[in-house]
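User: I've got a model open and want to talk it through with you. Can we take it piece by piece?

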Amino acid sequence: MTALSAPPETAHTASATARPDSRRRRTRLPFSPWHLLLAPSALLFAVPLIWLVLSSVMSNAEINRFPPALWPSHIDLGGYRYVLGNAMFPRWFANSFVVSLVTVTANLVFGTLGGYAFARMRFAGSRLLLGLMLATMAIPFQLTMIPTFLVMKQFGLIDTLGALIVPSLVTPFSVFLLRQFFLSLPRELEEAAWIDGCSRLRVLWQIVLPLSRPALSTVAVLTFLSTWNDLTWPLIAINHDTQYTLQLGLTTFQGQHHTQWAAVMAGNVITVLPVLIAFLGAQKAFIQSVTSTGLKG
């Protein structure tokens with residue numbers, strides 16, 4: 001029995017030499033093992049975007065063919081010529097850009113002020129007001145659609161870009177997200193500025209906002225995304241084609257009897273590009289904001 005058992009020193013040496021070997025085996029991959037799962041998933045989610053780009057350089061006959069063509073037989077830019085040759089397309093693009101820019105700016109300004117007030121200031125009914133504001137996020141747009149239309153009609157904003165801007169000047173989500181981020185910032189920085197004689201607005205402008213760039217970038221990207229892609233409300237509030245947004249203008253390419261599918265695909269590619277560029281530019285700040293806003297509530 002004693003002859004079969006290894007000495008303690010030998011067993012310890014064997015385990016010590018086996019550990020580096022197993023560690024070397026575990027670190028052979030030049031990337032995280034999670035990438036083996038995430039890469040196919042990312043490719044799966046990218047398939048609709050790839051199909052959109054390929055369809056935009058097909059002819060209408062190829063798009064309507066059954067079974068559908070997976071790859072264009074030749075590059076056909078007729079859809080892009082049809083879209084860019086439309087005299088109203090630059091106007092629609094400018095309308096969408098103006099509405100998105102004003103909405104994003106307003107949400108950053110009002111969301112910052114509201115979020116900082118809820119995060120740092122205690123006043124009568126602040127928690128009740130915050131709860132009521134968050135409760136509005138659970139109300140579907142279909143319930144507020146008619147009252148919003150009537151209010152915009154009373155203001156004389158129907159069939160103008162103001163009808164698209166005013167209802168979205170500030171959203172509960174932007175206030176809540178910025179509030180959560182402000183709560184994660186240490187109070188000591190602000191208290192030191194108060195001791196030096198800074199007012200609340202100066203503290204907000206010079207101390208808090210420079211530290212809140214990830215949250216501000218997230219609010220800007222998400223607000224831009226929702227405003228740029230909105231179709232339902234412009235379809236209700238806008239009647240004249242000179243006030244169309246890009247999404248609403250693209251619906252004119254779909255006729256009752258014939259649809260220019262190549263033009264629809266090309267127009268969607270042009271529409272997706274600003275959103276894709278905005279997201280890729282703010283991707284790092286977006287992830288940093290999402291991971292930090294849940295630290296303190």
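User: Let's start with Ile270: does it count as buried or exposed, and why?
Analyst: Ile270 counts as buried because its relative accessibility is 16%. Buried means under 20% relative accessible area, exposed means over 50%, and partly exposed is in between, using a 1.4 Å probe and protein chains only. Before we go on, this is a predicted model: local features need pLDDT of at least 70, side-chain atom pairs count only at pLDDT 80 or more, and totals for chains, interfaces and linings use all residues. Residues are numbered from 1 along each chain as its sequence is written, and side-chain values use heavy atoms, with hydrogens and water left out.

User: Good. Where does Ile270 sit, and what does it touch?
Analyst: Ile270 is in helix H15. Helices (H or I, at least four residues) and strands (E, at least two) are DSSP runs, numbered from the N terminus. Not counting residues up to four places away in sequence, Ile270 touches Tyr80, Val83, Leu84, Phe89 and Phe93. A contact here is heavy atoms within 4.5 Å.

User: How far is Tyr80 from Ile270?
Analyst: In sequence they are 190 residues apart, and in space 9.0 Å, C-alpha to C-alpha.

User: What about H15 as a whole, where does it bend?
Analyst: The bend is at Val272, about 25°, and Pro274 follows within four residues. That angle is taken between axes fitted to the seven residues ending there and the seven starting there.

User: How far apart are the ends of H15, then?
Analyst: Its end C-alpha atoms are 30 Å apart, which agrees with the 30 Å that 21 residues (261-281) should span at 1.5 Å a residue. The expected span is 1.5 Å times one less than the number of residues.

User: And Pro274, what's around it?
Analyst: Leaving out residues up to four places away in sequence, Pro274 touches Phe93, Phe224 and Trp228. Its C-alpha is 9.7 Å from that of Phe97, 177 residues away in sequence. Pro274 is also one of the buried residues of H15, a list including Ala263, Met265, Gly267 and Val275.

User: Which helices cover that buried side?
Analyst: The cover for the buried residues of H15 includes H2 (35-56), H3 (60-64), H4 (78-84), H5 (89-120), H12 (213-228) and H14 (246-250).

User: What about H9, how much of it is buried?
Analyst: Nine of its twelve residues are buried, so H9 is largely enclosed by the rest of the structure. Among them are Ser174, Leu177, Arg179, Gln180 and Phe182.

User: What's the phi of Asp159?
Analyst: Positive, about 70°, although Asp159 is not a glycine. Most residues other than glycine have a negative phi. Asp159 is in the loop between H7 (141-154) and H8 (162-165), and it counts as partly exposed because its relative accessibility is 25%.

User: Last one, the whole protein: how many helices and strands?
Analyst: There are 16 helices and zero strands. Of the 297 residues, 35% count as buried. Among contacts with a separation of 6 or more, 74% are between residues 24 or more positions apart.
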